[in-house]
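User: I've got a model open and I'd like to go through it bit by bit. Can you help me read it?

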Amino acid sequence: MNDPCLIFSNLTLGYAGRAAVHHLNGSIARGSLTAVIGANGSGKSTLMKGIAGILKPLGGECRVSPAISVAYLPQQSELDRSFPAQVRDLVALGLWPRRGLLGRHRSEDRTAIDQALKAVGLSGFERRNIDSLSGGQMQRALFARAMLQDAQLILLDEPFNAVDERTVTDLLVLIKAWVAQGRTVLAVLHDHQLVQQHFPQTLFLARRLVGLGPTAEVLQAENLRQARHFHEAWEANAPWCAPASPPLPPDPAAPPHAHAHFHANSNSHG
Amino acid sequence: MFKTFRLATCASLLSLSPVLTAQASAAELKVVASFSIIADFAKNVGGDRVEITTLVGPDGDAHVYEPRPADAVAVSKADVVLVNGLEFEGFLKRLIETSGTKAPVVELTKGVEPLRLSDEPAGHAHPEAEEEEAHDHKTGEAGHKHETADAHDHDHGHEGHHHHGEYDPHAWQSIKNAQIYVKNIAGAFCKADKPGCATYTANSDAYVAKLATLNEKVKTEIAAIPPEKRVIITSHDAFGYFEHAYGLNFLAPEGISTESEASAADVAKLVDQVKHDKASAIFVENITDKRLIDQIASETGLKVGGTLYSDALSTADGPAGTYIDMVNHNIDTIKAAVLSQ
Amino acid sequence: MADIFIDPFIQYVFMQRALAGALILAVSCGPVGVFLMLRRMSLTGDAMSHAILPGAAVGFLFYGLDILPMTIGGLVVGLVVALGAGAVSRFTVQKEDASLAALYLISLALGVLLVSWRGSSVDLMHVLFGTVLALNNEALGLIGGICAITLAVMITFWRALVAECLDPLFLRSVSRWGSPVHFLFLGIVVLNLVGGFQALGTLLSVGLMMLPAAASRFWSNRVAPMCFISIGIGMVSCFAGLVLSYHASLPSGPAIILSAGAVYVLSILFGTRGVLIDLLGSGRHRAA
């Protein structure tokens, strides 16, 4: 098994003292293709933001291996569609890791943008305004941007929301190409069929870890039943969790294990 | 017990009486004056018998003044309220209403021949004055430069409580008018406080006499200025009456109110005026921003001759702490600047 | 023709200076206004003109009616208000328009308090706010310096500014510079406004910032062209306004802003992205 590119140690993420994700432990192997699933409110987007470094943990830690660059593709709703920009401007944002704050764009960047657009099937869209794109086209543009970032770990937050089937097929091809190149991909998905067909690994969340490992194992009836009973809403009078224990030092000798975790007293965490 | 009560009452009344009589011999009259120049007149007429509160103090600008609650309190407690009138005090009407004062509001410009705001470049539409010095008028050279547009332009949107009428309100700039102000004050004081009338009349006469001397002095000084050097530039059109009475010619970019804004045409005309050797001095005022005057001065090479006091006195330690000082300062400054060019 | 448009500027030094100062301000304010508008902060200028009062009041308390301390005071307070509003909206649940409204009102009230306490009845703001016809060397230098700083900052941090507006979450995932650049931008806004107020008055300053930017929306759909267009519109308005002020005796500030306003209305109607183009669509469409 490859070395882990991502390790969660007792990770708790949330907002204003309320945890969206509790005490997550586990690791993601390099070069793996993992689907992140769970019902609405189960903490999937929060987890993505935590890994991307946008959200600071309330407890525990989320460690990305040092040499790994991260690309984060947020849900589309966060983008300002009415901003006067063309597709090429949006995609060019992906060059940021290469150029930094002050660097100028060079001529090879133009070529890179064109190639990225071609790879996602948006050739000819360079000068289209972003407010004229359909949902599928916008998603492809965002994929092109992620491509330009040339990152080793790619986080996709609900990439197939409101996207037509043809686009989904095309983007899946792209994702698999990335994995073939040795990159690690995590994708938040709702379609369990899609997950079973295309994603070898699954991380199942219900505000806590329900399962992490090969898809067939994780998507068992027992897990699905357990997850259905999780508390989606935050309880006003839930007891406080014990303070997070310090993160375990990484043990390079031990192989990363991926199996289902259960917290015995799941209900006491409210 | 009842006896003790009566004894106590008498005792307390007796003990209070010195206080009451003491008060009676101090200020008889509470006076509110709208701005510093009127306040000075009132002090001269009333002497110790009056206690004066001034709304727009020294170096203050009545054109843009916004009253405070303390002002309303003072007005409500006043026995007499002295104002200029001719819509000089834009803030006044609502202040009087809010205060609910019973005091008479005396417009001191009553009896003054007001000058109209005119947009005719040559000469004025003013009625013939009684004044005997009508001879020293400017010789019809480019008269007042206010376009009515200037006087009514307000681009600062101050809740619309400033509006200016058709008359120039700066009547006090003519000493003869000042004498009318003083006499009006004496009349008002007499009405409000009959026992003091004799004092007021005496004070008023004495002050009017001083003003008469001042008037003569000003006339003489101006007569000493050659006719071709009598065009002067100031910040705003405050000196109409002075000009009318004494024969100098005042031009200004800002029109009647400090709230208005100059147009490029106005400034250009003034620059032309100076350049063609028709203006001999340029002055800033104590209540306005001097940058526009500086600009005209630097473009024309004319040095700023000093500060004139137009709508307000200076502080007591300044050069124009009283009306008489103000006039003296103005005329000395003008003379020095004009004759040195 | 020449005597209408050129002569006034040849004949009078104050006209040349007015034109120079106004043009420089148009160049400086144009891009700033475009970004303000895109961030939906168009009313910031107006709020700022009130917010700087306590700064000017403090300057006045210590130094009297001297322009420089009042300007510096206004600048400091303006920065506190703008950056404070930015910080509140970034690190708390409040959005920027509300935090700015709250802070500028607090500031204004403080300012009125300070002015009343001192007892002066001179309208401080009246003295502080200048007029384009009275630009002395200090004022021109001030505007020139502000323009230089503004252009330098905008050009250097252009991509960050655009990214901040377009996809702030993405920017946060790739860079720590999102917030600092945003605050820098707010600082530039305050600099332009306060410097503009002092030299040219509030109306001109805020107007030159927002009107050309608003009009540019009807001509282009990319940020860079919008900035150039708004600079262009600003410059034309300054020229036209001064000519009007000269020939028709109109006050200079309002004349410039009304010229910009006329361009704005014309842009709504006749701009390439305006109303008429929409209505008069040729009715044809391409096959593919």
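User: Which domains does the domain assignment of chain A give?

Analyst: Keep in mind that this is a predicted model. The assignment for chain A builds domain 1 from several segments, 1-68 + 154-164 + 177-261.

User: How many residues of domain 1 of chain A are in contact with domain 2 of chain A, and how do they divide by class?

Analyst: On the domain 2 side of chain A, 5 residues take part, and they meet 5 residues of domain 1 of chain A. By class, the domain 1 side that touches domain 2 of chain A holds 4 nonpolar, no polar and 1 charged.

User: What about chain A and chain C: how many residues does the contact take from each, and which classes are on the chain A side?

Analyst: The contact takes 18 residues from chain A and 18 residues from chain C. Sorting the chain A side that touches chain C by class gives 13 nonpolar, 3 polar and 2 charged residues.

User: Staying with chain C, how many helices and strands does it have?

Analyst: Chain C has 0 strands. Its helix count is 16.

User: Does the radius of gyration of chain C agree or disagree with a compact globule?

Analyst: For 288 residues, a compact globule would come out near 19 Å, and chain C has 20 Å, so the two agree. The C-alpha trace of chain C spans about 75 × 60 × 30 Å along its principal axes. Buried residues make up 55% of chain C, and 72% of its contacts with a separation of 6 or more join residues 24 or more positions apart.

User: Over to chain B: what is the strand order in the open sheet of 4 strands, and which are the edge strands?

Analyst: The pairing in this chain B sheet is parallel, with the order β2-β1-β3-β4. Neighbouring strands are turned by 25° against each other on average, direction ignored. Pairing on one side only marks the edge strands of chain B, β2 (50-56) and β4 (105-107).

User: Which residue is the bridge partner of B:Ala33 in β2(B)?

Analyst: Strand β1 (residues 29-35) of chain B pairs with β2(B) in the parallel sense over 6 bridges. In β2(B), the partner of B:Ala33 is B:Thr54.

User: Which helix packs on that sheet, and what angle does its direction make with that of β3(B)?

Analyst: The helix touches β1, β3 (80-83) and β4 of chain B. It is α6 (residues 175-192) of chain B, and its direction makes an angle with that of β3(B) of about 170°.

How values were computed. Residues numbered from 1 in each chain as written. Chains lettered and ligands numbered in written order. Predicted model: local features only at pLDDT ≥ 70, side-chain atom pairs only at ≥ 80, totals over all residues. Domains from an automatic or database assignment. Contact = placed C-beta atoms within 7 Å. Nonpolar A, V, L, I, M, F, W, Y, C, P; charged D, E, K, R; others polar. Helix = DSSP H or I, 4+ residues; strand = E, 2+ residues; numbered from the N terminus. Rg over C-alpha atoms; globule rule 2.2 N^0.38 Å. Buried ≥ 20, exposed ≤ 12 C-beta atoms within 10 Å, placed from the backbone. Pairing = 2+ DSSP bridges. Axes fitted to C-alpha atoms, helices over the stretch in contact; angles between N-to-C directions.
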